[in-house]
Amino acid sequence: MFTNSRRGSDLPQWHHFDAFRLVAVAGAIVALYSLFEVGASVWEISRGATVFPEVVQVWFGFGHDQVFAYLLLSAVSAGTSLARTLRDMDTCTVNNAFCVQSDISLAFGFAGFMFLGFSSLLSGFPVASFIINGSRFHVSN
């Protein structure tokens, strides 16, 4: 969404629309969170220890995956509604490239939601294991 700008004062810009600004900011927040989670995972694999205490790490990953997935979904839904409105107002006949790039940005947002939803599902397993066993890594003798 950040790259969806065209030269010219009469052409629409993404930052002129609240919903598109929401999509851009939500995407940036989710991208930063995802980078943090990748770094935390690399740390955990390489060091054999979690960044935070285990109970915090389990709930942090699970809770934030869900919160950021729904943040992204709500932002992209608002952007999709605006994109449909722009198509109905014939804005896309004047500047079709803007609308196509907006649609691509929104599709990436929905794909990001799907990945975060899957990540949330996967991070639910350590939570369940932690609740049942008292530890994520239960070793039976």
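Patches are made of residues with over 30% relative accessible area and no salt bridge, where like charges are joined within 9 Å and nonpolar side chains (Val, Leu, Ile, Met, Phe, Trp, Tyr) within 5 Å. Accessible areas come from the Shrake-Rupley method with a 1.4 Å probe, and for residues only the protein chains shown count as cover. The model is predicted: local features need pLDDT of at least 70, side-chain atom pairs count only at pLDDT 80 or more, and totals for chains, interfaces and linings use all residues. Residues are numbered from 1 along each chain as its sequence is written, and side-chain values use heavy atoms, with hydrogens and water left out.

**Exercise 1.** Find which residues make the nonpolar surface patch, and which helix gives the most to the patch.

Solution. Val55, Val56, Trp59, Ile131 and Ile132 form a nonpolar surface patch of about 500 Å². Helices are DSSP runs (H or I, at least four residues), numbered from the N terminus. Helices α2 and α4 (96–133) each supply at least two of the patch residues. Ile132 belongs to α4. The most comes from α2, with 3 residues.

**Exercise 2.** Describe how α1 packs against α2.

Solution. Axes are lines fitted to C-alpha atoms over the stretch in contact, and angles run from 0 to 180 degrees between N-to-C directions. Helix α1 covers residues 18–47 and helix α2 residues 54–88; their axes are 9 Å apart, at an angle of about 155°. That makes α1 roughly antiparallel to α2 (angles over 145 degrees count as roughly antiparallel, under 35 as roughly parallel, 65 to 115 as roughly perpendicular and the rest as oblique). The contact of α1 with α2 has 20 nonpolar, 5 polar and 3 charged residues. Here Ala, Val, Leu, Ile, Met, Phe, Trp, Tyr, Cys and Pro count as nonpolar, Asp, Glu, Lys and Arg as charged, and the others, Gly among them, as polar.

**Exercise 3.** Describe how α4 lies relative to α2 and to α1.

Solution. The axes of α2 and α4 come within 8 Å and cross at roughly 155°. The two helices are therefore roughly antiparallel. Their contact holds 23 nonpolar, 13 polar and 4 charged residues. For α1 and α4, the axes come within 11 Å and the crossing is at roughly 40°. That makes α1 oblique to α4.

**Exercise 4.** State how many salt bridges the structure holds, and examine the one between Asp18 and Arg21.

Solution. A salt bridge is a side-chain nitrogen of Lys or Arg within 4 Å of a carboxyl oxygen of Asp or Glu. The structure has 2 salt bridges. In the one between Asp18 and Arg21, the closest N and O atoms are 2.0 Å apart. Asp18 and Arg21 are separated by about one helical turn, because they stand 3 residues apart in helix α1.
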